[in-house]
Amino acid sequence: MTALIIGLSILLLVIVILQISKLTDMYARIRGEEEVDERLNRSQGRAMLLFMIGLLGFCIVSAYWWKNYMMGYGPHKAASAHGNSLDSLFNVTLLFTGIVFVLTHIALFYFSWKYKKTKVSKATHWAHDNTLEIVWSAIPAVVMTYLVIKGLLAWNTVMADVKEGDDHIEIEATAYQFAWHLRYPGPDGLLGTRDYKKISADNPLGQDWTDPQNYDDFHPDELWLPVGKKVRVRIIARDVLHNFYLPHFRVKMDAVPGLPTYFVFTPEKTTEQYRDELRNYPEYNVPKDPSDPESKMLWEEFNYELACAELCGKSHYSMRRVVRIVTQEEYDAWLAKQQSYYQSSIRGKDSDPNKGKLLDFEVKQNKEALNMSVEKALVDTGIPAAAGTPDLKTIRLDYVQFESGGNTLTAESKYQLGDLAEILNKYPQLKIEVSGHTDNTGDPASNKTLSQQRSDVVRDYLVAQGISAGRLSSVGYGSARPADTNDTEAGRQKNRRTEFRIISNK
Ligand SMILES: [Cu+2]
């Protein structure tokens, strides 16, 4: 039906045009061809002038009207250290091209009006003019050279890499259809190595889990950065061409599969400072949702964003990520909340090549935890502990373990036993009772024997470390003192343990 109506409308339009041209023809025959032509030329010339005024006026007014929404103007001054040099480059280019735009349009329409055909007008044939040739070749050449040199200088400054020893944060952004996968280096400040061959469902970036620098790397959802600190972003693509684009910071770099790129920049305004500037402009003092006057103002809802500036596929738009620029204190607090990807998603799983081994950072963490438990136990409040509260004087040795079914210490047990020996050296008066415990499976008598053997082994190990045997006693409780239920595997596992109790520190 719609197609029929459109078809009929077009047919009607064609008939109208044919009729008008027929009428013009008849009118011309009556009034004389030349006179009609001249009238037409005059009115078209005037229309050209009017169009020129309208076009130039529209361009200038609309640019002025929208200026507070455009990057580089109004509240959208660059939020990065290098951004102003790029903005000034754009403005200088706009100035020169703007002059050319206005002058050529004035010439185009003015000439159409001025040199319209009349009865008396005559064409002048003008074959060549050296002065004109020089003027319109030399001026563009000089302007172009100036723009190219200015552009090159700006490029070299903006694209300069970090120098050796430069204080900076290095992060990584991997683009794929259709999101960004961000990686931060964690407390060591170093990103671990990666290899695309290691990419799998639980290792989206192909991180190498044998590289200790990977153990603290984390993958946040939002891009947080401290204000005033230099950032180097490694930019990587996993499938097709993407583009790392931070419009407010004038950062834009292709993410190319197989060819890592980078961008170095320093954010200079926090998100809050940017919002405060937007607040001064009426354009941003309107509710975000026009149908709900109670909704927050546009300036309050503003966030910096990371976008993909390459048309990389049908869900390209969904690559937007929020960017937050915060003070150093806020950044440190955010960092402290982040969880390492390795420790939260890989550690102890089948895909972990370090499964069953204690890693350096864990040895350190365990040592700190044991020291803290002992310090706590040694604080004598003088108040008897209420019934049901955990006994602080008894401390589990979670990382002292035995080969299955026997009384041979695992190789990893040396770390925690070493820590315990250090504590005993630190407090020379400290006397402890080492105890072994089992779950309730199997024969109670042999459980008791095994737990006694195990606690003896621990005692002997400490003696071998130079601790006087008189400060150590060892007991095997078998399954008599369960720490949890014996009805579940998790409970039984909690019951199989080695612990020590502080007897005295005098
Ligand atoms: Cu993309």
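Q: What span should the 21 residues of helix H10 have, and what separates its end C-alpha atoms?
A: The model is predicted. At 1.5 Å a residue, H10 (residues 444–464) should span 30 Å. Its end C-alpha atoms are 30 Å apart, so the two values agree.

Q: Which residues of H10 are buried, and what covers them?
A: The buried residues are Asn-447, Leu-450, Ser-451, Arg-454, Ser-455, Val-457, Val-458, Arg-459 and Leu-462. Their cover includes helix H9 (413–426) and strands S11 (431–437), S12 (472–478) and S13 (497–504).

Q: Why is Gly-476 called buried?
A: A residue counts as buried if 20 or more other C-beta atoms lie within 10 Å of its own. Gly-476 has 20 within 10 Å, so Gly-476 is buried. Gly-476 is found in strand S12.

Q: Which residues is Gly-476 in contact with, leaving aside neighbours within four places in sequence?
A: They are Gly-436, Lys-448, Thr-449, Ser-451, Gln-452, Arg-454 and Ser-455. Of these, Ser-451, Arg-454 and Ser-455 are among the buried residues of H10. The C-alpha atoms of Gly-476 and Thr-438 are separated by 9.0 Å, though these residues are 38 apart along the chain.

Q: How do you know that the span of H2 agrees with its 33 residues?
A: At 1.5 Å a residue, H2 should span 48 Å. Its end C-alpha atoms are 47 Å apart, which agrees.

Q: What makes H2 hardly covered?
A: The count of buried residues among its 33 residues is one.

Q: Why are H2 and H3 called roughly antiparallel?
A: Helix H2 (residues 33–65) and helix H3 (residues 83–114) pack at about 165°, with axes 7 Å apart. Angles over 145 degrees count as roughly antiparallel. H2 is therefore roughly antiparallel to H3. Their crossing is left-handed.

Q: What classes of residue make the contact of H2 with H3?
A: Ten are nonpolar, three polar and one charged. Among them are Phe-51 and Met-52 in H2, and Ile-106 and Phe-109 in H3.

Q: Why are H1 and H2 called oblique to each other?
A: The axes of helix H1 (residues 2–31) and H2 come within 6 Å and cross at roughly 120°. The roughly perpendicular range is 65 to 115 degrees, and roughly antiparallel needs over 145. H1 and H2 are therefore oblique. Tyr-27, Ala-28 and Arg-31 of H1 meet Glu-33, Glu-35 and Val-36 of H2. By class, three are nonpolar, none polar and three charged.

Technical notes. Residues are numbered from 1 along each chain as its sequence is written. This is a predicted model: local features need pLDDT of at least 70, side-chain atom pairs count only at pLDDT 80 or more; totals for chains, interfaces and linings use all residues. Axes are lines fitted to C-alpha atoms, for helices over the stretch in contact, and angles run from 0 to 180 degrees between N-to-C directions. Helices (H or I, at least four residues) and strands (E, at least two) are DSSP runs, numbered from the N terminus. Angles under 35 degrees count as roughly parallel, over 145 as roughly antiparallel, 65 to 115 as roughly perpendicular and the rest as oblique. A crossing is left-handed if the near helix is turned anticlockwise from the far one by less than a right angle, and right-handed if clockwise. Two residues are in contact if their C-beta atoms, placed from the backbone, lie within 7 Å. Ala, Val, Leu, Ile, Met, Phe, Trp, Tyr, Cys and Pro count as nonpolar, Asp, Glu, Lys and Arg as charged, and the others, Gly among them, as polar. The expected span of a helix is 1.5 Å times one less than its number of residues. A residue is buried if 20 or more other C-beta atoms lie within 10 Å of its own, exposed if 12 or fewer, and partly exposed in between; C-beta atoms are placed from the backbone.
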